[in-house]
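The sequence and the structure come first.

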There are 2 protein chains.
Amino acid sequence: MSRTNHRTKNMHSIEKNTCAILSSRPDDYPRAEHFSLLNCPLPALSEGQVRVKNRYLSIDPAMRGWVSDERNYLKPVAIGEVMRSLAVGEVAASRHPDYQVGEHITGWFGWQQVANVEAAQIIRKIHEQNHIQAPPLSSSLGVLGLNGITAYLALNSIGRPQTGETLLVSTAAGAVGSIVGQLGKLAGCRVLGLTGSDKKVEQCTQLFGYDAALNYKNYANSHDLERAIVQLAGAPASGKGLGVDIFYDNTGGTIADAAFTSLNMHARVIQCGTASIGNWNPLPQGPRKERYFITKRLMQQGFVIFDHLEKWPATVDILSELIRSDQLHYSEEIYQGLALAPQALENLYSGDNKGKSLVEVEQQD
Amino acid sequence: MSRTNHRTKNMHSIEKNTCAILSSRPDDYPRAEHFSLLNCPLPALSEGQVRVKNRYLSIDPAMRGWVSDERNYLKPVAIGEVMRSLAVGEVAASRHPDYQVGEHITGWFGWQQVANVEAAQIIRKIHEQNHIQAPPLSSSLGVLGLNGITAYLALNSIGRPQTGETLLVSTAAGAVGSIVGQLGKLAGCRVLGLTGSDKKVEQCTQLFGYDAALNYKNYANSHDLERAIVQLAGAPASGKGLGVDIFYDNTGGTIADAAFTSLNMHARVIQCGTASIGNWNPLPQGPRKERYFITKRLMQQGFVIFDHLEKWPATVDILSELIRSDQLHYSEEIYQGLALAPQALENLYSGDNKGKSLVEVEQQD
């Protein structure tokens with residue numbers, strides 16, 4: 001809170017800073033070829049800015065939307081611009097009174113080794129590092145970042161899980177889904193998962209506490225998948241405790257369509273992602289849902305974490321405590337070196353990721 | 001409240017009672033040919049039953065669902081069964097202590113002149129008839145019945161209208177839509193309507209207080225209609241007070257699709273009907289909405305009035321007072337004679353109705 005003298009070392013332009021820019025716009029899913037690595041030295045720090053040395057970069061499914069020129073919740077990343085990304089790093093220099101050299105911060109620092117940032121780009125300081133048994137710094141981008149906070153707030157604000165209800169999660173072993181499943185169990189729900197490999201099914205039940213999960217790729221068509229989900233969940237009309245009360249959907253498309261038959265009366269559908277849909281222009285077609293809304297009194301609502309930034313710190317505290325008390329587990333896949341960021345993103349859309357995808361940035365000094 | 005002697009006259013089977021039965025199951029919209037008129041004398045009243053002489057029968061869009069064998073919120077009407085219908089009439093005989101000869105009651109009395117009913121089929125007694133300036137008996141099936149109560153509860157519980165917001169209503173001049181529009185104005189909203197004829201557009205603005213309305217049949221395709229709705233409402237991104245905050249949808253299908261572009265951030269979509277969709281088997285296709293849910297944080301929810309029977313009497317009081325104080329107007333189209341009930345229903349789906357459709361039952365004595 002008190003104003004201190006601003007540090008004045010490292011205020012000059014730096015010689016070497018590798019960054020990954022968006023070099024062309026993908027038609028559907030971004031691939032490595034849509035990005036280029038450049039040397040992009042930074043100018044001297046301006047008054048009010050902070051220089052952050054990135055330690056980890058976040059690789060997120062939402063990036064597809066950020067590099068698309070379709071209307072979205074954030075301005076599209078421009079061609080030639082450093083790729084927008086959440087990151088966590090260490091303050092290397094500061095001309096802002098609230099941030100001191102050596103502190104860890106997370107925010108919108110982009111796919112680059114070093115960034116000059118304004119205070120508005122900083123989401124929070126990483127206080128957990130001061131605790132004994134602090135989760136690793138990388139976790140502030142996953143379970144204690146975008147993914148965990150999304151899972152917690154969307155599940156609770158839209159899903160409102162009650163003991164004895166059934167929660168179905170798509171991308172069940174993913175960075176968000178794996179947290180949703182565990183939070184559902186902690187809320188007393190039966191938790192079922194849809195995921196894209198037999199290995200992930202195993203992760204769901206053995207690591208993330210799902211009661212059961214299925215690999216949607218094992219079904220030839222939407223009808224077979226629909227039958228499999230009904231078999232997994234029980235048909236809604238068959239009795240109490242069967243069917244699905246909350247559907248946490250990260251995929252949309254035909255995978256989600258197949259789940260609607262299993263929804264119970266007064267079910268809640270949380271639309272948190274649309275990972276299975278490659279292209280929205282022109283609008284893809286799918287089965288109409290209007291009648292489900294009426295006959296089942298469905299409620300479906302979209303969720304974007306950036307509407308809820310004010311709840312971020314309190315939610316980090318809740319999730320940190322669950323991790324410390326061993327009630328919440330998470331899995332990270334860490335790529336070594338900024339140069340792998342584009343490939344890590346491509347892998348995310350092919351479903352090859354295992355848990356939260358991150359890039360560890362090499363130290364340049 | 002006090003127990004009185006049961007009336008004992010008219011306890012016997014009656015000679016003549018015309019009823020309209022479902023004689024075949026429609027593939028899509030019910031037409032007059034799907035019903036037959038029969039003479040179906042009633043048995044003697046059993047203990048606990050009430051005999052009601054129907055005065056008005058209700059003709060409702062929801063009847064399409066009731067005569068379909070698709071899963072729905074009520075059991076399908078069987079072939080050969082008297083058509084399910086809300087009705088209002090006078091107690092002609094009673095073997096139930098709570099109902100006395102001469103009282104007016106509304107409930108599930110079917111398309112017939114006279115019905116023997118159990119207490120569970122009776123929704124309420126019409127107390128308004130005791131007031132000075134009482135609305136006519138027929139209104140208990142429309143503005144003070146299914147339609148008005150649906151409009152009031154769905155708009156307020158799901159739409160939550162705020163002063164200065166914009167409300168868009170489909171079937172804007174219909175029995176439900178016309179009430180929704182007026183309630184929206186009373187809540188301080190700008191109110192816009194979609195309707196199916198130029199005459200109904202005129203009704204919307206001159207009788208029901210809409211700020212503006214359009215005839216969706218004047219547009220060659222969904223894109224033209226979409227552009228027209230954007231022009232009517234203002235594009236969501238263009239500034240405060242533009243775009244649509246609440247969409248009260250009674251049609252679904254392509255008419256509703258065309259409205260989604262105009263929806264604002266955090267808009268609420270009330271799914272109250274699907275009048276524009278003829279057949280749900282196989283599921284018709286339409287543009288996917290998943291991305292709208294996320295980018296606009298949409299909330300869409302289905303509403304069926306029969307979940308809310310406990311709120312019926314209090315809502316009747318609120319709406320009655322609005323009628324008495326000339327703040328709520330309604331329009332009824334009354335067909336003369338039970339024999340016209342099937343044709344009245346067919347006309348409803350062709351969009352030829354003007355306000356609430358009713359049948360006045362001829363008196364048989």
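## Domains of chain A

In this predicted model, the centres of domain 1 of chain A and domain 2 of chain A, taken over C-alpha atoms, are separated by 29 Å. The domain assignment places residues 18–142 and 331–360 of chain A in domain 1, and residues 146–305 in domain 2. Where the two domains meet, 15 residues of domain 1 of chain A are in contact with 15 residues of domain 2 of chain A. On the domain 1 side, the residues that touch domain 2 of chain A divide into five nonpolar, five polar and five charged.

Strand β9 of chain A covers residues 190–195 and is mostly covered, with six of its six residues buried. A:R190, A:L192 and A:L194 point one way from β9(A), while A:V191, A:G193 and A:T195 point the other way; all are buried.

β9(A) pairs with strand β8 of chain A (residues 166–170) in the parallel sense, over five bridges. In this pairing, A:L168 has A:L192 of β9(A) as its bridge partner. Between β8(A) and β9(A) the chain passes through helix α3 of chain A (residues 177–186), and this β-α-β crossover is right-handed.

β9(A) also runs parallel to strand β10 of chain A (residues 212–215), and four bridges join the two. Here A:L194 stands opposite A:L214 in β10(A). The chain goes from β9(A) to β10(A) through helix α4 of chain A (residues 198–206), and this β-α-β crossover is right-handed.

## Contact between chains A and B

How many residues of chain A are in contact with chain B? There are 28 of them, and they are in contact with 28 residues of chain B. On the chain A side, β13 (285–287), α7 (290–295) and β14 (299–302) each supply at least two residues. The largest share, five residues, comes from α7(A). By class, the side of chain A that touches chain B has 11 nonpolar, 10 polar and seven charged residues.

Strand pairing also links the chains: β13(A) and strand β13 of chain B (residues 285–287) pair in the antiparallel sense over three bridges. Within this pairing, B:Q285 in β13(B) is the bridge partner of A:P287.

## Backbone geometry

In chain B, the peptide bond from B:N281 to B:P282 is cis, and B:P282 is in the loop between β12 (263–271) and β13 of chain B.

| Peptide bond | Omega |
|---|---|
| B:N281 to B:P282 | near 5 degrees |

A:R160 has a positive phi of about 45 degrees although it is not a glycine. A:R160 is in the loop between α2 (146–159) and β8 of chain A. Because A:R160 has 13 C-beta neighbours inside 10 Å, it counts as partly exposed.

A:R297 is not a glycine either, yet has a positive phi of about 50 degrees. The loop that holds A:R297 lies between α7 and β14 of chain A. With 18 other C-beta atoms within 10 Å, A:R297 is partly exposed, since a residue counts as buried if 20 or more lie within that distance.

How values were computed: Residues numbered from 1 in each chain as written. Chains lettered and ligands numbered in written order. Predicted model: local features only at pLDDT ≥ 70, side-chain atom pairs only at ≥ 80, totals over all residues. Contact = placed C-beta atoms within 7 Å. Nonpolar A, V, L, I, M, F, W, Y, C, P; charged D, E, K, R; others polar. Pairing = 2+ DSSP bridges. Domains from an automatic or database assignment. Buried ≥ 20, exposed ≤ 12 C-beta atoms within 10 Å, placed from the backbone. Right-handed = clockwise from strand over helix to strand, strands pointing away.
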